[in-house]
Amino acid sequence: MTALLEVEDVTMEFGGLRALSEVTFAIDKGEIFGLIGPNGAGKTTLFNSITGVYPPTRGRIVFAGRPITGLRPDRIVQLGICRTFQQIRLFPFMTALENVMVGVDARHRTSVPGALLHLPRFKREEAEGEARALELLHYVGIGRFANELAANLSYGDQRRLEIARALGTGPSLLLLDEPAAGMNPAEKNALRDLIRKIRDSGITVLLIEHDMRVVMGLSDRVAVLDHGVLIAEGRPESVQRDPKVIQAYLGTGAAGDGEAATGEAG
Ligand SMILES: Nc1ncnc2c1ncn2[C@@H]1O[C@H](COP(=O)(O)OP(=O)(O)OP(=O)(O)O)[C@@H](O)[C@H]1O
Ligand SMILES: [Mg+2]
């Protein structure tokens with residue numbers, strides 16, 4: 001196995017608050033890697049560090065053998081890492097199709113003068129982008145809503161739309177921040193199938209998820225953050241039995257509960 005993403009001694013401080021403390025782990029190519037931990041453990045902060053939103057205070061992040069620490073978010077997308085957000089971030093008054101085209105455009109963009117002059121190349125790229133976006137909507141199972149405004153989609157379908165938009169950038173690593181939050185059991189099952197399908201297509205997945213059934217059922221390996229410290233890492237079965245992990249979840253109301261708090265407010 002080759003590591004696709006290496007997180008080395010990453011520390012993130014916000015003023016006096018240490019949100020991540022010397023976090024080290026590596027994700028292999030082709031894995032579904034779960035990241036869990038109580039509310040406020042630093043999971044989203046780790047995504048923000050990997051994607052360049054907040055460069056870490058200390059430490060190093062290496063993607064496909066190349067250091068990416070401190071690169072701009074758009075550059076990191078171009079290199080092949082994309083994400084969805086814990087709080088859905090769609091353009092509510094654009095159609096589903098248009099929302100995905102934004103992701104496709106982030107990757108394939110003709111120069112601004114080319115676009116302004118409507119050069120043939122730009123028109124061709126636009127048509128290709130639209131076809132690709134429609135294909136992605138079908139891929140995530142919401143092709144029939146292509147011309148529906150994003151705001152009119154159900155919550156579960158909006159989460160799928162976010163995934164389609166992220167896939168539009170052509171990632172090799174997809175970061176999902178609580179994709180099952182707010183979904184009903186049927187939607188969660190469909191989401192599991194979708195995430196497996198994405199992995200089987202060759203995309204490596206890093207998954208933050210509070211729903212233990214979803215994350216333990218899907219992940220090849222799981223890492224556990226608690227107060228910014230990586231306290232366990234390994235196969236789901238062994239992580240679930242780890243006394244440190246059980247202790248971290250005690251008192252959060254989430255221990256042994258398959259439907260742990262979704263953390264939507266966090
Ligand atoms: N931009 C910021 N400025 C200051 N503090 C922040 C910032 N972002 C996150 N934090 C703090 O860092 C800690 C970790 O937050 P983070 O959102 O990463 O947790 P999380 O594990 O994703 O939690 P949840 O499960 O609730 O989503 C929290 O104490 C949070 O308040
Ligand atoms: Mg979070």
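## Two residues with positive phi

Start with alanine 64, which is exposed because its relative accessible area of 53% is over the 50% cut-off. Alanine 64 sits in the loop between S4 and strand S5 (66–67). Its phi is near 50°, a positive value in a residue that isn't glycine. Keep in mind that this is a predicted model.

Aspartate 9 also has a positive phi, near 55°, again in a residue other than glycine. You'll find aspartate 9 in strand S1. With a relative accessible area of 45%, aspartate 9 is partly exposed. As background, most residues other than glycine have a negative phi.

## What surrounds ligand 1

How many residues surround ligand 1? The count is 16, and the closest are Gly40, Lys43, Thr45, Gln86 and His210. Sorted by type, the shell around ligand 1 has 8 polar residues, 6 nonpolar ones and 2 charged ones. Strand S2 (17–28) and helix H1 (43–50) each put at least two residues into that shell. H1 gives the most, with 3 residues.

Now for some polar contacts. Lysine 43 has a polar side-chain atom 2.7 Å from an oxygen atom of ligand 1. In histidine 210, an N or O atom of the side chain is 2.8 Å from an oxygen atom of ligand 1. Glycine 42 uses its backbone instead: a polar backbone atom there lies 2.9 Å from an oxygen atom of ligand 1. On its own, ligand 1 has 640 Å² of accessible area, and the protein covers 71% of that.

## The magnesium ion

Which residues coordinate the magnesium ion (ligand 2)? They are Thr44, through OG1, and Gln86, through OE1, at 2.0 to 2.2 Å. Threonine 44 belongs to helix H1, while glutamine 86 is in the loop between strand S6 (81–83) and helix H3 (96–107), so this pair ties together parts that are 42 residues apart in sequence.

Threonine 44 is partly exposed, with a relative accessible area of 25%.

## Aromatic pairs

Searching the whole structure turns up 2 aromatic pairs. One of them is phenylalanine 14 with tyrosine 54, an edge-to-face pair at 5.4 Å centre to centre with 80° between the planes. This pair links distant parts of the chain, 40 residues apart: phenylalanine 14 is in strand S1 (residues 3–14), and tyrosine 54 is in the loop between H1 and strand S4 (58–63). Phenylalanine 14 is partly exposed at 32% relative accessibility, and tyrosine 54 is partly exposed at 36%.

Phenylalanine 25 and phenylalanine 33 make a stacked pair, with 5.3 Å centre to centre and 15° between the planes. Here both phenylalanine 25 and phenylalanine 33 are buried.

Conventions:
Residues numbered from 1 in each chain as written. Chains lettered and ligands numbered in written order. Predicted model: local features only at pLDDT ≥ 70, side-chain atom pairs only at ≥ 80, totals over all residues. Heavy atoms only, no water. Near = heavy atom within 4 Å. Polar contact = N/O pair within 3.5 Å; in protein donor to acceptor, adjacent residues only side chain to side chain. Areas by Shrake-Rupley, 256 points an atom, 1.4 Å probe, with all protein chains shown as cover. Helix = DSSP H or I, 4+ residues; strand = E, 2+ residues; numbered from the N terminus. Nonpolar A, V, L, I, M, F, W, Y, C, P; charged D, E, K, R; others polar. Donors = N, O, S within 2.8 Å, 3.2 Å for Na, K, Ca; no water. Buried < 20%, exposed > 50% of the residue type's maximum accessible area, 1.4 Å probe, protein only. Phe/Tyr/Trp six-rings, centres within 6.5 Å; stacked < 30°, edge-to-face > 60°.
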